[in-house]
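Thanks, everyone. I'll take you through one model today, from helix packing to charged pairs. Here it is on the screen.

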Amino acid sequence: MVQPSVMGEDAPRKGRAYYEQRGEVVWEIPTTEKVIALTFDDGPDPEDTAQILDLLRLYEAKATFFLVGNKVERFPELVKREAEEGHELANHTYSHTYFKRNGSIAKLKQDIQRAEEVIYAASGQKCRLFRPPGGFYNEKLIDMARNEGYMVVMWSWHQDTKDWDTPGVDKIVNKVLGNARSGDIVLFHDYVEGKGQTADALKEILPELKKRGFRFVTVSELLTYGKMKPVKKLRTPDIHP
């Protein structure tokens, strides 16, 4: 299987195995422990995020939210709730900026820093994880993220629910339950255009995975089951509560 998200001249010889061995990017963690990390991109959203948080609390599940800064500014109370309820906050840029092959790494860095500032203002927490929108990355992006103190987090390729495309609740449920493995990182979205289907899918996914004996952990917790560790912050951003 070819990972389509690697870009740049170095892509053919520096794929997933290269970055995993260096501990710079994580897709999943090989482990025999029945732990799984649920991740949610593109929020917060006043309707979908609130419903998802209610369900996570009901099933005693912790998750990681990859936040978009301009939505954080609009709905800071949801970000505060995520933090207070023990979920992990992570950076997904301020304006959902896609990093294309000829993109400016300086502009992306500014976008990440701006997101960091508003997330901190809403929650008092600093992010240690970064997920590039669309999963687009190359050597320059990974180097920049590492220098800024972030680990780049992708998702298990067999756990891309494509819920952003509203494929139907059953398809989302079957994707997760039919492929669930220990150490997975599952990709969901807590914001989609129109009416999302993720919350309805979670009403079936959460109880079934719990019945199977899975524990729901944050990505940083998942990393402790392997050799990877969250990146120690190399830089303290100019952020003010």
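Start with two helices. The axes of α2 and α8 come within 9 Å and cross at roughly 10°. Axes here are lines fitted to C-alpha atoms, for helices over the stretch in contact, with angles running from 0 to 180 degrees between N-to-C directions. That crossing makes α2 roughly parallel to α8. The angle classes are these: under 35 degrees is roughly parallel, over 145 roughly antiparallel, 65 to 115 roughly perpendicular, and the rest oblique. Who makes the contact? On the α2 side, Gln51, Ile52, Leu55 and Leu56; on the α8 side, Thr198, Ala199, Leu202, Lys203 and Leu206. Contact means heavy atoms within 4.5 Å.

A word on provenance. This is a predicted model, where local features need pLDDT of at least 70 and side-chain atom pairs count only at pLDDT 80 or more, while totals for chains, interfaces and linings use all residues. Residues are numbered from 1 along each chain as its sequence is written, and side-chain values use heavy atoms, with hydrogens and water left out.

Now the overall picture. The protein chain has 9 helices and 8 strands. Those are DSSP runs numbered from the N terminus: helices are H or I, at least four residues, and strands are E, at least two. Of its 241 residues, 55% count as buried. Buried means under 20% relative accessible area, exposed over 50%, partly exposed in between, with a 1.4 Å probe and protein chains only. Take contacts between residues at least 6 apart in sequence: 79% of them join residues at least 24 apart.

On to the core. The largest nonpolar core has 69 residues. By that I mean buried Ala, Val, Leu, Ile, Met, Phe, Trp, Tyr and Cys residues joined through side-chain atoms within 4.5 Å. Which residues have the most contacts inside it? Leu38, Phe40, Leu56, Phe188 and Ile205. Look at leucine 38. Beyond its neighbours within four places in sequence, leucine 38 is in contact with Leu56, Ala63, Thr64, Val186, Phe188, Leu206, Phe216 and Val217. Leu56 and Leu206 also belong to the α2–α8 contact.

Next, charge. Side chains of opposite charge can pair when their charged atoms come close. A salt bridge here is a side-chain nitrogen of Lys or Arg within 4 Å of a carboxyl oxygen of Asp or Glu. The count is 15.

Glutamate 60 pairs with lysine 210, with the closest N and O atoms 3.1 Å apart. Glutamate 60 sits in the loop between α2 (48-58) and β3 (64-67), and lysine 210 in helix α8 (residues 198-211), so this bridge ties together parts that are 150 residues apart in sequence. Glutamate 60 is exposed, at 62% relative accessibility. Lysine 210 is partly exposed, at 35%.

Arginine 212 bridges to glutamate 208, closest N and O atoms 3.0 Å apart. Both are partly exposed: arginine 212 at 32%, glutamate 208 at 26%. Elsewhere, shared partners join the salt bridges of Arg22, Glu24, Asp143 and Arg146 into one network. Is glutamate 24 buried or exposed? Buried, at 10% relative accessible area. Arginine 22 is partly exposed, at 43%.

Last stop: alanine 122, in helix α5 (residues 105-123). Alanine 122 is buried, at 16%. Not counting residues up to four places away in sequence, alanine 122 touches Val72, Pro76, Val79 and Lys80.
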